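Student: I am new to this structure and would like to learn how its features get their names. Could we go through them together?

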Amino acid sequence: MRALCWVAADELAVREVPDPELRNERDVIVRVRRSATCGGDLPLLAGRDPLLRAGDVLGAEFVGEVVEAGPAIRGHRIGDRVVVGAGVACGGCWYCRQGRHSCCDNAGVDVPGVDPGWERPDAGCFGRPREAGGFAGGHAEYVRVPYADVGAFRVPDAVDDDRALFAADAAPTAWLAAELGEVRTGDVVAVWGAGAVGQLTAHAAVLRGAARVLVVDRYEERLRMAERHAGAEPLDYRQADVTAELRERSGGRGPDVCVVAVGPPPPRSIGDRLAGGDRPDPVREAVHACRKDGVVVVLGGTDGFALDTVTDKRLTVRAARRPDLRDVPMLLHRMARDELRTEHLATHRLPLADGPSGYALFADRADGCVRAVFTP
Ligand SMILES: [Zn+2]
C-alpha cells in the first residue's frame, strides 16, 4: 500500500510500504477514507525526535471503514465507518477503567535500551515514533487499529467524514481542556492559539456557559473563524497588549481560565530573527494574565514557566498532551445534531500523493491553512 512516510528532517515522501495485518484478536484493519495533519506532527517533521526512523508512517487522526476484524472484536462489523481516537488505550488498566485513556499503562511499548525519563512509557498514539507505541499512522491506505473496541467509534450516518475526522483528536482535546479548566457559567476564558484545537476549545467553553471567550493569535483568517464558528472575541497580539486587553475585558481581574493551545512556532527566517520582536512564551503570558486563584491549562510544549508567579497567584496549572477516548461518542452525537461543526477546519483537501505539499502548507500556516486533509 501507499503511505506518507517521514524520510528525514523536513522531508516526507509517499512510499510503498507493507500492508498492515491483524496481529492480535482485538485488532481491526481500517481502510482509510480521510486523514488530517496535526500540530503534534510538526516536531516530528522537523526531525526533533531521535526515535523517528525513515519510513515511519505519520498521521494521528483518521476516519475509515473496517475491512478486517480480529476474533475478539465485539463492537464492530466489516463495513462499519469509524473514527479512531488518536491515542491507543487498552481499556482495562487502572487508568482506562477511570476513563483516563491518555494515561494507559499498556498501550505504550517499552523500547529496549531507551529510558523515556519517566516511570512508565507514555500511552500509545498513531503516527508517532516508537516511544509512543510505534503504531503506524493514518496517512496510508490501511491502518492496523489495536484494541479497536476501545478506540474506534462508529460514525453516525448524519456525520460526514470531514466532520467526524475532528472527533479523533482535536475536539476531544478541546473538551478535555475545558474540563481541566473547570469552565463554569459566567467565566471569562482566554485561549492562546486559533488552530483547530484552540477554536474548538473556545467552542467548548461557550457550550459550558462561559460569558466571554477570547482567542489570541496573529493569523487573521483563524481569528475570523474563531469568531464566526465559536462565538469567540478575536485578539490579534500584533495589534494589542494582550495582558492589558484581557484584564480590561474581565472586570480588571484577568480571565478565570487560560488555555494554551499553541503548536510549535512556524520556522522563521534569519531576517525575522534578527528583526527581533519575539513574542513572550505563551504559557508565561497566560500565567501572568490569569486572575488570582484561576486555572491555566497547558496543551502544548513550552520552555518558559513562571512557577514563582504561579505560587504568588495561587494558580492551578493542569496539562495534557492527548485526550482520553471517553468524550468521542458525545462529540459524535453533538456533530450528528449539528451542534458541533468542524468541517471548516479542513481548509485544504488533497490526495495523499500530495501529502508533502499539504504538510508544507500546514507547517507554514500558509494560505490560511488550519488543517490539511488527505484522501488516499
Ligand atoms: Zn489502559
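Tutor: Gladly! Let us start with a definition: a charge sits over a ring if NZ of Lys or CZ of Arg is within 6 Å of the ring centre and within 35 degrees of the ring normal. Keep in mind that this is a predicted model.

Student: What makes the charged end of arginine 222 count as sitting over the ring of tyrosine 219?

Tutor: The charged end of arginine 222 is 5.6 Å from the centre of the tyrosine 219 ring, and the limit is 6 Å. The charged end does sit over that ring.

Student: Now the metal. Which protein atoms are donors of the zinc ion, and how do you know that they are?

Tutor: They are the SG atoms of Cys90, Cys93, Cys96 and Cys104, lying 2.3 to 2.4 Å from the zinc ion. Along the chain, the donors follow the spacing C-x2-C-x2-C-x7-C. Two of these residues, cysteine 96 and cysteine 104, are buried.

Student: Why is the arrangement around the zinc ion called tetrahedral?

Tutor: The four donor atoms subtend angles of 103 to 117 degrees. Four donors count as tetrahedral if all angles lie between 85 and 135 degrees, so the arrangement is tetrahedral.

Student: Let us move to the rings. What makes phenylalanine 62 and phenylalanine 126 an edge-to-face pair?

Tutor: A search of the whole structure finds five aromatic pairs. In the pair of phenylalanine 62 and phenylalanine 126, the centres are 5.2 Å apart and the planes are at 90 degrees. Phenylalanine 62 lies in strand 4 and phenylalanine 126 in the loop between strand 7 and strand 8, so the pair ties together parts that are 64 residues apart in sequence.

Student: Why is the pair of phenylalanine 126 and phenylalanine 135 called tilted?

Tutor: Their centres are 6.2 Å apart and their planes are at 55 degrees. Planes under 30 degrees apart would be stacked and those over 60 edge-to-face, so this pair is tilted. Phe62, Phe126 and Phe135 form one aromatic cluster.

Student: Are phenylalanine 62, phenylalanine 126 and phenylalanine 135 buried or exposed?

Tutor: Buried means under 20% relative accessible area. Phenylalanine 62 is at 0%, phenylalanine 126 at 1% and phenylalanine 135 at 11%, so each counts as buried.

Student: How do you know that helix 5 is largely enclosed by the rest of the structure?

Tutor: In helix 5 (residues 170-180), 10 of the 11 residues are buried, so the helix is largely enclosed. Trp175 and Leu176 are among them.

Student: And what makes strand 1 largely enclosed?

Tutor: Five of the seven residues of strand 1 (residues 2-8) are buried, so the strand is largely enclosed by the rest of the structure.

Student: How do you know that strand 1 and strand 2 pair?

Tutor: Six bridges join strand 1 to strand 2, and they run antiparallel. Pairing needs at least two bridges, so these strands pair. One of the bridges has leucine 4 with valine 14 in strand 2 as its partner.

Student: Which strands pair in the parallel sense over five bridges?

Tutor: Those are strand 16 (residues 346-351) and strand 17 (residues 371-375). Together with helix 13, they make a right-handed β-α-β unit.

Notes. Residues are numbered from 1 along each chain as its sequence is written. This is a predicted model: local features need pLDDT of at least 70, side-chain atom pairs count only at pLDDT 80 or more; totals for chains, interfaces and linings use all residues. Side-chain values use heavy atoms; hydrogens and water are left out. Donors are N, O and S atoms within 2.8 Å of the metal (3.2 Å for Na, K and Ca); water is not among the atoms, so sites may look incomplete. Four donors count as tetrahedral if all angles lie between 85 and 135 degrees; four count as square planar and six as octahedral if opposite donors are over 155 degrees apart and all others between 65 and 115; anything else is irregular. Buried means under 20% relative accessible area, exposed over 50%, partly exposed in between (1.4 Å probe, protein chains only). Helices (H or I, at least four residues) and strands (E, at least two) are DSSP runs, numbered from the N terminus. A crossover is right-handed if, with the strands pointing away from the viewer, the path from the first strand over the helix to the second runs clockwise. Rings of Phe, Tyr and Trp (its six-membered ring) pair if their centres lie within 6.5 Å; planes under 30 degrees apart count as stacked, over 60 as edge-to-face and the rest as tilted.
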